[in-house]
Amino acid sequence: MVLLLGGHTIGFTNCSLFRDRLYNFDNTGKPDPTMDPLLVMKLRLICPQNSPATRTPVSLDQNLASTFIVDNSFYKQIRLGRGILQIDQALALDPLTNNTVASLANGNDFLARFGQAMVKLGAVDVLTDSQGEIRESCHLKNKPRSTFLFG
């Protein structure tokens, strides 16, 4: 998973998926203490606290010079407390994954390792028909479809 989440090197999200980290992390009324304070200030300008849901894209790799480049910059950023999504920041903080993150951030083999992880993922049996679903939004189950047949 550490390698697959490296796909966030070219990923984007919107404010609604991380706004709590900026204003009310774990119901504290404060930002996430693991997030770089300068990044918090920057993101608050893009994602005001009480604004309606916004679709303004926010890069998951805060090295803007490499936003559209598949590289190891994402790992360097999360080691600096610049992970946008909590799951990304957790990779750099968790004792089970932080050594792998450090290795990827400091090494030059991310592309090869990411490719190997994608091949492994491709070998996973896909659930089809009623056994699984392709989600319209990754964090929500799809609405049930009508099964009525006309005719």
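**View 1. Cys15 is a buried residue in this predicted model, with a relative accessibility of 0%.** The model is a prediction. A disulfide links Cys15 and Cys47, with 1.9 Å from S to S. The count of disulfides comes to one.

**View 2. The disulfide between Cys15 and Cys47 is left-handed, because the torsion about its S-S bond is about -65°.** Where do the two cysteines sit? Cys15 lies in the loop between strand 1 (12–13) and helix 1 (19–23). Cys47 lies in the loop between helix 2 (37–46) and strand 2 (58–59). The pair therefore ties together parts that are 32 residues apart in sequence. A disulfide is a covalent bond between the sulfur atoms of two cysteines.

**View 3. Gly29 sits in the loop between helix 1 and helix 2.** Is Gly29 buried or exposed? Gly29 has a relative accessible area of 51%, so this glycine counts as exposed; the cut-off for exposed is over 50%. Setting aside residues up to four places away in sequence, Gly29 touches Tyr23 and Asn24. Gly81 is 52 residues from Gly29 along the chain. The C-alpha atoms of Gly29 and Gly81 are 19 Å apart.

**View 4. Ser66 is found in the loop between strand 2 and helix 3.** Ser66 is buried, because its relative accessibility is 4% and the cut-off for buried is under 20%. Which residues does Ser66 contact, leaving aside neighbours within four places in sequence? They are Thr9, Asp61, Asp71 and Ser73. With Asp61, the side chain of Ser66 also makes a polar contact of 3.0 Å.

**View 5. A nonpolar patch on the surface is formed by Ile10, Val70 and Leu111.** Together, these residues have about 250 Å² of accessible area. Val70 belongs to the loop between strand 2 and helix 3 (73–79). At 35% relative accessibility, Val70 is partly exposed. Ser66 lies in the loop between strand 2 and helix 3 too, but Ser66 is buried.

Technical notes: Residues are numbered from 1 along each chain as its sequence is written. This is a predicted model: local features need pLDDT of at least 70, side-chain atom pairs count only at pLDDT 80 or more; totals for chains, interfaces and linings use all residues. Side-chain values use heavy atoms; hydrogens and water are left out. A disulfide is a pair of cysteine sulfur atoms within 2.5 Å. Helices (H or I, at least four residues) and strands (E, at least two) are DSSP runs, numbered from the N terminus. Buried means under 20% relative accessible area, exposed over 50%, partly exposed in between (1.4 Å probe, protein chains only). Contact means heavy atoms within 4.5 Å. Patches are made of residues with over 30% relative accessible area and no salt bridge: like charges are joined within 9 Å, nonpolar side chains (Val, Leu, Ile, Met, Phe, Trp, Tyr) within 5 Å. Accessible areas come from the Shrake-Rupley method with a 1.4 Å probe; for residues, only the protein chains shown count as cover. A salt bridge is a side-chain nitrogen of Lys or Arg within 4 Å of a carboxyl oxygen of Asp or Glu. A polar contact is a pair of N or O atoms within 3.5 Å; within protein, one must be able to donate a hydrogen and the other to accept it, and residues adjacent in sequence count only if both atoms are side-chain atoms.
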